[in-house]
Every structure is written in C-alpha cells, then in structure tokens.
Amino acid sequence: MRLENKVALISGGARGMGAVEARLFAGEGAKVVIGDVLEDDGRRTEAEINESGGECVFVRLDVTSEESWQSAVNEAVGRFGKLDILVNNAGIYRTHNVVETSSEEWDQVMDINAKGVFLGTKAAIPAMRDSGGGSIVNISSVAGLVGNVLSSAYTASKGAVRLFTKSTAIQYARDGIRCNSVHPGTIETPMTAAMLSEEAYRQDRLNRTPLGRLGTAEDVAYGVLFLASDEASFMTGSELVIDGGRTAE
Ligand code: NAP
C-alpha cells in the first residue's frame, strides 16, 4: 500500500475533495485525521472510513485559529503517534471583481485560504521534524496561476499559497519535509455545485477545458496521493496542475 504506516491530517476533509482524499489515503494504509468546521459531514466521513476498514478520526478544526491547528496536530500525534502528511485543503470561493469585493470579504478569504495554510504548516512542522520528515500538500488552484475575471480575493489567496509553498519547501528541505502545491481546474464538488447547475456557466467551463469535461474529486485526489507518498520523494516546491489542459493555452 502506498501510504502504509503514514499518519495524515487533511483540513476541510469533511466533504468534497478533502473527503475523497481521506478515503483514498485510508485505503492506501494511512491513519487519517480529518479536520473541518462542518461537524456532521465530518462525523459521517469518519464513520464511512472506519466502517470500510480504514482508520480515521474527525476533529473540529477552524483553519483560521492557531489553537485549533495545535489541537488537531496534538490529536494526530496523541492518537496515532506521529504526523507524516498534511494536506492544506480547506478553502472557500467568492466571486466578485475588485470593485465589488468588500474589505470584509477580502479578509475572510485571505484568512481561510492563505493564513489557514500558513498556520497549518507552522503547527505541523515541529511534529514532522519529530517524525524524521514529512510531506505537505497545499491545495491552490488554477486561480493561483492565472488571473480570473470572476474572482479577486480568491486568486490573491491561491497565488499566495503557490509561493508560500516554495518558501516552505526550501526552508525545511534539510529536515526531510517536502512541500508541493496542487492546482485544480473546475472540479465538481459541493463548492461548485450551485454555480455548475447554471447551464451557461457549466458550458463556459467546459469550453475552456481542452479535455472536454469537468474534473472529479478523484482526479485531484490521485495527484495529492502521489505528492503525499514516498513516490514523490525527489519533489519539493513543485506545482502539480490538474486542470484538463485549461492553463496550457
Ligand atoms: P468544499 O466541498 O467546499 O470543501 C471544503 C471544505 O473546507 C468544506 O467542508 C468547508 O466548510 C471547509 N472549510 C471552510 N472554511 C473552513 C475553516 N475555516 N476551517 C476548516 N474547514 C473549513 O470545496 P472543494 O471543492 O472540495 O475544495 C477543496 C479545496 O480545493 C479548496 O481549497 C478549494 O479552494 C480548492 N479548489 C477547488 C476547486 C473546485 O473547482 N472545486 C478548484 C480549484 C481549487 P464550509 O462549507 O463551511 O465552507
């Protein structure tokens, strides 16, 4: 199994891509801690994984809180003995151009999407050092690579994640800690369900995707699994684009 004896913490793991990653990781032998603000969904995902023979525990995690992150890392180490993998996956999407974006919305998006990644990384590194190394996978977006007519704070937050990843990678490489970013295109998850239910929006996304389909959470989860595993042991500071070719043009 690809993650045998590994302990993984996945933020935003209650639903969407994070939950699919949690199931995939558990199926590959990892012990998984999922942290999220959505308690009911988190408990449901935890139960599903444990009932299917995996090992999973849900913790309430608000990624904007340093204390909350410390408790989640303590839970992983207390329950499973160590921490090897962190997936900074939690995020929110907001669609406003620059003039329409309020100062409050900017702060909320940056707090969750960018500061949340910083706080998670900061909390995980000491535990990973104790484990002799680790792998951090930060979920950015194609919106962290190219501009977007629909969003402003979101693209800024995902661009921040892209370069924060590279700084983390070079600062902790000698500790055996790798850090890479993942850049999904349009993926069908609860985050995008309402927008994609509008036919014009869905068609526009399809038209912009050379492979001619939208992504699934599994498409992204397999990339995250690879970066989390020892198969990617010579990769750090890299960007894995999973977008059906959207940014290739
Ligand atoms: P999702 O279904 O909304 O899942 C994200 C999870 O993070 C939700 O359970 C969400 O809860 C949670 N979350 C939000 N704020 C949080 C906080 N402060 N602390 C802890 N958890 C929090 O979204 P997804 O589509 O799976 O997205 C996962 C990641 O991929 C995000 O970082 C997103 O930006 C990125 N991404 C998504 C797409 C896409 O097309 N879906 C494309 C590129 C990148 P709430 O319901 O309360 O918000």
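Let's begin with the helices. Helix α6 gives the largest share of the shell around the ligand, with 3 residues. Please keep in mind that this is a predicted model. At least two shell residues each come from α1 (16–27), α5 (153–172) and α6 (190–196).

In total, 28 residues lie around the ligand, and those that come nearest are Arg15, Asp36, Asn89, Tyr154 and Thr189. Sorted by class, the shell holds 14 nonpolar residues, 10 polar ones and 4 charged ones.

## Where the ligand sits

If you look for pockets in the protein, the largest pocket is the space that the ligand takes.

Which side chains place an N or O atom by an oxygen atom of the ligand? One is Thr189, with a side-chain N or O atom 2.5 Å from a ligand oxygen. Another is Arg15, where the distance from a side-chain N or O atom to an oxygen of the ligand is 2.7 Å.

The backbone takes part as well: a polar backbone atom of Gly185 lies 3.5 Å from an oxygen atom of the ligand. On its own, the ligand has 890 Å² of accessible area, and the protein covers 91% of this.

## A pair of aromatic rings

The model has 2 aromatic pairs. One of them joins Tyr93 and Tyr154 edge-to-face, with 4.5 Å from centre to centre and 80° between the planes. This pair links distant parts of the chain, as its members are 61 residues apart: Tyr93 is in the loop between β4 (85–88) and α4 (103–130), while Tyr154 belongs to helix α5.

Conventions:
Residues numbered from 1 in each chain as written. Predicted model: local features only at pLDDT ≥ 70, side-chain atom pairs only at ≥ 80, totals over all residues. Heavy atoms only, no water. Near = heavy atom within 4 Å. Polar contact = N/O pair within 3.5 Å; in protein donor to acceptor, adjacent residues only side chain to side chain. Areas by Shrake-Rupley, 256 points an atom, 1.4 Å probe, with all protein chains shown as cover. 1 Å grid on protein atoms, 1.4 Å probe; cavity = no way out; pocket = protein on both sides within 12 Å on 5 of 7 lines; lining within 4 Å. Sits in = over half its atoms within 2 Å of the grid points. Helix = DSSP H or I, 4+ residues; strand = E, 2+ residues; numbered from the N terminus. Nonpolar A, V, L, I, M, F, W, Y, C, P; charged D, E, K, R; others polar. Phe/Tyr/Trp six-rings, centres within 6.5 Å; stacked < 30°, edge-to-face > 60°.
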